[in-house]
Amino acid sequence: MGIDLPLIWMLIIGFGVMMYVVMDGFDLGIGILFPFISDRAHRDAMVNTVAPVWDGNETWLVLGGAGLMAAFPKAYAILLSAFYIPVLLMLLGLIWRGVSFEFRFKADDAHKPFWDKAFMTGSFAAAFFQGVILGAYIDGASVMAAAQGTGDSMAWLTPFSLFTGAGVVAAYALLGATWLVLKTEGELQRRMIRVTHPIMIAILVAILVVGIWTPINHPAIAGRWFSLPNFWFFVPVPALVVLAAAGIFRSLGRDPHAGPFIWSLLLVFLGYSGFVISIWPHIVPPSLSIWEAAGPPQSLGFTLVGALLIIPMILGYSAWAYYVFRGKVKVGEEYH
Amino acid sequence: MLSFTALDIARIQFGFTITFHIVFPAITIGLASYLAILEGLWLWKKNEVHRTLYHFWTKIFAVNFGMGVVSGLVMAYQFGTNWSRYSEFAGSITGPLLTYEVLTAFFLEAGFLGVMLFGWNKVGPRLHYFATVMVAIGTLVSATWILASNSWMHTPAGHAVVDGVVVPVDWMAVIFNPSFPYRLAHMVVAAVLSTALFVGASGAWHLLRGRREPAIRKMFSMAMWTLFVAAPLQVAVGDLHGLNTLEHQPAKIAAMEGHWENVPGQGVPLVLFGWPDMDAETTRHRIEIPRLGGLILTHDWNGQYPGLKEFPREDRPNAAVVFWTFRVMVGLGMLMIVLALWSAWFHWRGCAHESRALHRFALLMGPSGLVALLAGWYTTEIGRQPWVVYGLMRTRDAVSLHSELTLSIAFAVLVAMYVVVFGTGIVYVLKLVGRGPGPHGLPPGGDSPNQRPARPLSAATELLDSPSSFQH
């Protein structure tokens, strides 16, 4: 048997999505946390912690979209037309966030509040609609019907998807807060430590609710998790969630630095793993597998050459950017 | 009076987002080459004026590049949201080509854009020049992928249709499809013209305000010389592109010319103006020059080419639209040649930097390159209708199945956002232009730690709202 191109592409896109969630997650989290911080100097410091990297972080989203079209045209067609409204609102949120990020630096004092609000709304909308898409994606069947014109074009809008929307907002807020614990000091850092506690409680509630709600709604997912011997393979996931949560609370208590952020990354990774376990090998749940959705091998092979050349470069370049801008950002440091 | 179907709204939305987007890459392509020339001249002649101009236009290039990236984000998803059935049918070809374009752009950002924008004081002059040249080449490579993808939709080749889905058979044939070389050349020259007219108008604006320093004069005359070469060249390239279109998409040519049927033994006239009526199958109120249409398109005195009546009604593009978009493009092209000749004549007389009439005309022509580019693009895309992939898939079979209501609301939100976001961006670019090249020619990006290649907008540090940006 030859190379399993759809599998390789699924790994590339899956990796890209995870990179995106983790990296843009804490950027968006900063915008989500803006309402809790009103001090101008603090806000500037928050934004400055991601100024060198946020745009690079968004790279993965564009690459994910183009890669999905190249490798899995069928899934790209079904998913994007089914999620037309939330995808559009997410993209507009991202544009709004990105542009206000830049114009915030260039605006005078009279206009800064406007761009601050735009930054908040954009970040919040992008995060929320990513969560809505996640929830609707898990509820695959009605969504696929909508894409084929036989269902409701608002099928994505359910109590479950609204709930996952809120869950993703909380998860990004956690990443943002713990990132700021890592990158700032003094009063701002103390505020971030304080705000992390209620966010963590919200996240644990969200994880619990989604963990119960999903298998009740989807017997197939319940079967995946709660049958033997699968159960024993997958039980480390919830166990590690408990461990990560404990790790965050413990590290917050003792003059924290990188600890809470690293534990948060683990927590988000576990959430992602749980999601992958639930839907694998489908790219459009509940029934379209990655092999059925894949484009012809000529397309996958042709694009793979470029991806394997350029993606390592992007990774190296991102790593370098994080390395150059390591260390704490000081409040009141003048950048512009 | 007007009632739009879901298909119409989807098309208008796509046209709207690309109209906003296309402006930025067009200027990016032109400015990148302009900057490579300026830096080359600086290294060669060590004349301060080239360095001053380089630093000035680098800032505008950076902001423009940033706007292009932001507006491009929507494009990567719109094929799926609005044209899902097209994506399913031809994603195996469009997807890889777009992915390569994205990879090219990221390669540029990761590699050379940072050195170009922020490395003037950090790397040697030769390495810096290399980075600038690579960025210029990179923008052309990006354009190549996009136009390969677009051309394939006009003149598909190198593929097979298996189980109702396109399968690429020969990638070289897909990329180098019959209309690709002409379309690429026509587009790149259009980008150069748009940039030259924009730079020329910037120079003219400062000349009109009484600034006469060498950088302003140099900016204006370089733009006019570029125009002098590129505008006639574009006529030749456009002619070749037209002949190629006649060979592969004859219905488009017939619609562009408002040509309905041939009279036996007589060359086709050129309809200068008129109103093509799709229902009555005639072009009303026409003013025409005998035989000239056939002469232009076949290079033969008795030349004939197919009229619209030779195509079934359901295969005809809307002649009323493309007839006029084509004339807007050609008309502006003629005015560009007038401007080029006028400025060359005044240069020869030695008064090109003093004539207010010339400067006013050049200022007025500032947006004409972009308007012509858009008009040309409307002509070719609307002229491809009713097909999305010519001869293979109809546009009505390509659109996602959304309701009119969904599409209308989405479109309204999109328009409001775009106007604020890109409106602000365009205002900022114009403010930078209005400020003019600084006397000191400061390189952008000293050592500020958050000026980053991944954020090209950070290369320009001027305030957005500050009134001082109009002082010089």
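B:Phe89 is found in helix H3 of chain B, where helices (H or I, at least four residues) and strands (E, at least two) are DSSP runs numbered from the N terminus. This is a predicted model, in which local features need pLDDT of at least 70 and side-chain atom pairs count only at pLDDT 80 or more, while totals for chains, interfaces and linings use all residues. Residues are numbered from 1 along each chain as its sequence is written, and chains are lettered from A and ligands numbered from 1 in the order in which they are written. B:Phe89 has 23 other C-beta atoms within 10 Å, so it counts as buried. (A residue is buried with 20 or more other C-beta atoms within 10 Å of its own, exposed with 12 or fewer, and partly exposed in between; the C-beta atoms are placed from the backbone.) Leaving aside residues up to four places away in sequence, B:Phe89 touches B:Val165, B:Val166 and B:Met393; two residues are in contact if their C-beta atoms, placed from the backbone, lie within 7 Å. B:Val165 sits 76 residues from B:Phe89 along the chain, yet their C-alpha atoms are separated by 4.7 Å.

Helix H3 of chain B also holds B:Ile93. This residue is buried too, because it has 30 C-beta neighbours inside 10 Å. Once residues up to four places away in sequence are set aside, B:Ile93 touches B:Trp152, B:His159, B:Val166, B:Pro168 and B:Val174. B:Ile175 is 82 residues away from B:Ile93 along the chain, and 9.4 Å separates the C-alpha atoms of the pair.

Now for chain B as a whole. It has 13 helices and six strands, and its C-alpha trace spans about 65 × 55 × 45 Å along the principal axes. A compact globule of 472 residues would have a radius of gyration near 23 Å, and chain B agrees, with 23 Å. (The radius of gyration is taken over C-alpha atoms, and the globule rule is 2.2 Å times the number of residues to the power 0.38.) Of those 472 residues, 53% count as buried. Looking at contacts in chain B between residues at least 6 apart in sequence, 74% join residues at least 24 apart.

One helix pair in chain B is H1 (residues 6-45) and H4 (residues 125-154), which pack at about 155° with their axes 9 Å apart. Axes here are lines fitted to C-alpha atoms, for helices over the stretch in contact, and angles run from 0 to 180 degrees between N-to-C directions. H1(B) and H4(B) are therefore roughly antiparallel; angles over 145 degrees get that label, those under 35 count as roughly parallel, 65 to 115 as roughly perpendicular and the rest as oblique. Their crossing is left-handed, meaning that the near helix is turned anticlockwise from the far one by less than a right angle (clockwise would be right-handed). Residues making the contact include B:Ile29, B:Ala32 and B:Leu43 of H1(B), along with B:Tyr129, B:Val133 and B:Leu140 of H4(B). Sorted by class, this contact has twelve nonpolar, five polar and one charged residues. Ala, Val, Leu, Ile, Met, Phe, Trp, Tyr, Cys and Pro count as nonpolar, Asp, Glu, Lys and Arg as charged, and the others, Gly among them, as polar.

Chain A comes next, with 15 helices and two strands. Its radius of gyration is 20 Å, close to the 20 Å that the globule rule gives for 336 residues, so chain A is as compact as a globular protein of that length. The C-alpha atoms of chain A fill a box of roughly 60 × 40 × 40 Å along the principal axes, and 52% of its residues count as buried. Within chain A, helix H8 (residues 159-183) packs with helix H9 (residues 186-217) at about 150°, the axes being 8 Å apart. The two are therefore roughly antiparallel, and H8(A) passes H9(A) in a left-handed crossing. Their contact has 21 nonpolar, six polar and no charged residues.

So how do the two chains meet? In total, 51 residues of chain B are in contact with 55 residues of chain A. H3(B) gives the most to chain B's side, with 17 residues. That side has 27 nonpolar, 19 polar and five charged residues.
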